Amino acid sequence: MKVSIYNKLLGFLLFFSFYHCQAWPRYKFVVKEAPYTRLCSTKNILTVNGQFPGPTLYVNKGDTIVVDVYNRGNYNITIHWHGVKQPRNPWSDGPEYITQCPIQPGAKFRQKIIFTTEEGTLWWHAHSTWLRATVHGALIIYPKIGTSYPFPKPDVEIPIILGEWWKEDIMQVYLDLERYAGSGVPSDAYLINGQPGDFCPCSKPETLRLKVKRGFTYLFRIVNAILIDGLFFAIANHTVTVVGSDASYLKPFNRTFICVTPGQTVDVLLEANQSPNHYYMAASVYSTLLPGSYNNSTTTAIIEYNGNYTPSSPTMLPYLPEYNDAEASVNFTASFRSLADKEHPIDVPMEINTHLFYTLSISIPCKNNSCPGEQLRFIASVNNISFLNPSIDILQAYYCCIQGVYGTNLPDFPQLFFDFTADYLSTKWDIPQLGTEVRVLDYNSTVEVVFQSTNFIKGADHGMHLHGHSFYVVGLGLWNFDKDKDPLMYNLVDPPLQNTIHVPRNGWMAIRFKANNPGVWHMHCHIDRHMVWGMGTAFIVKDGKSPEAKMLPPPPDMPPC
């Protein structure tokens, strides 16, 4: 025991010296309130450096940067680098009470962000309560110096951040959701780069207007920063070419619209090849919920061709699918294929030694109208375990061998297999337990996870996100996963490499990855009310044998619990 403590102390001192002496690019994030006016009224929102959306960071593949986060706001906060694998460095990953305790008001935390194989578009955001509604920004990862894109270099690159706006204070919205476990208040408007667009009150003068030159090619780096909903997105009279998602390149394919799930990024090329005019860029909701439980507004921006002409009136709107067009959403996702070429090889695990089958459910914990008052309550679960955040972070508990913080009993499979997508499901199969349960993985184990949506409370879509790893999406389908037939149809040749996926309502999705990143890594639904209700867990990836396969020691300024 004394040797172990000595080794950890020595490692800490060496890491302290290494962490503070490297000449990595450094950025300063000051989290503070700032007044913003939208939808005819002004309120204070939490921002980074006073910007909404927050600053875009630009790096090259393989870079390391340092971000000093100063909390000058009124709430605890953490910052997560969504999709950055952070090899051996979970300490800077950011999810509250998973890898760190929050940065308290008046405090500071230095985060080291290590980029490896990521190339394309990612994003950063708050990972505590619902503060990411306004605390977020894009991460642009250019190819390694001396290399280039796998497509002709675009003339212009533009981040497109899809967000949303509540007239009410976002913390009050969150606290009400947490207190009553209801469905929450839908946002009042969707946003493109912080603006609602022409169809929302008091918004038209500030609508985003993008000047384009005929003959030029534009790379739009699209981020869905919305808390609750997927979005359909399109540009009137134009076809876009999808070339990447989640900082991984795809075989190019053309679409007149795309669908982006919460937390996901999609890169598209736009050729400015139409007659000079004004064209709406627009986004509207994709949701399989009942009307009234989502925001049904349409956000717009305007593509304006250069030149002397009189624009058409009214401005042309693009076609967007109906709000509940599941087929359109699934077909878009199913079109993703990795490049899988010499310059962009893939490494799909072929021999799986860890099989996991996770049911994703939303249910009502109190049956027969037994909830206090008249408020309908919801609970979400993975294999009937609804996740509870501990009072100190799991990573600290794991590293310091603190007992009683978490358990390791998340089931690999549901207790019962039945028709998960039936029109009627008995409540006897739907009694979630509350707990902080995780799954421990051996280093370098090869993992397959099948996510199965269930139809309790009429079912729902889920945007599952894994920290610390990207994964190959080898299969997806509607209805129940068939363990005998569906694996025969897996795509093991060129599956897309993702970090966030859309598991369709009453459907399934299969992913594979190698657990080669030691540490504690959150896995959760990126539809944030599902996460509040308990749809999450964590993987603990054990250290390997070599020094390069062991988790780094903590930095010296980890926020206290």
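## Aromatic cluster

Ring pairs join Phe 357, Phe 417, Phe 418, Phe 420, Phe 456, Phe 481 and Trp 508 into a cluster. The model described here is predicted. Across the whole structure, a search finds 29 aromatic pairs.

One of these pairs is formed by Phe 418 and Phe 456, whose ring centres are 6.3 Å apart; the planes stand at 70°, so the pair is edge-to-face. The angle that counts as edge-to-face is over 60 degrees. Phe 418 and Phe 456 are both buried.

## A tilted pair between strands

Phe 513 and Phe 539 also form an aromatic pair, with 6.0 Å from centre to centre. Their planes lie at 50° to each other, and the pair is tilted. Phe 513 is in strand β30 (residues 507-515) and Phe 539 is in strand β32 (residues 536-541). The two residues are 26 residues apart, and their pair links distant parts of the chain. Both Phe 513 and Phe 539 are buried.

## Lysines over aromatic rings

Two lysines are placed over the faces of aromatic rings. Lys 28 lies over the face of Tyr 70, at 5.1 Å from the ring centre. Lys 43 lies over the face of Trp 165, and here the distance from the ring centre is 4.8 Å.

Definitions and conventions:
Residues are numbered from 1 along each chain as its sequence is written. This is a predicted model: local features need pLDDT of at least 70, side-chain atom pairs count only at pLDDT 80 or more; totals for chains, interfaces and linings use all residues. Side-chain values use heavy atoms; hydrogens and water are left out. Rings of Phe, Tyr and Trp (its six-membered ring) pair if their centres lie within 6.5 Å; planes under 30 degrees apart count as stacked, over 60 as edge-to-face and the rest as tilted. Buried means under 20% relative accessible area, exposed over 50%, partly exposed in between (1.4 Å probe, protein chains only). Helices (H or I, at least four residues) and strands (E, at least two) are DSSP runs, numbered from the N terminus. A charge sits over a ring if NZ of Lys or CZ of Arg is within 6 Å of the ring centre and within 35 degrees of the ring normal.
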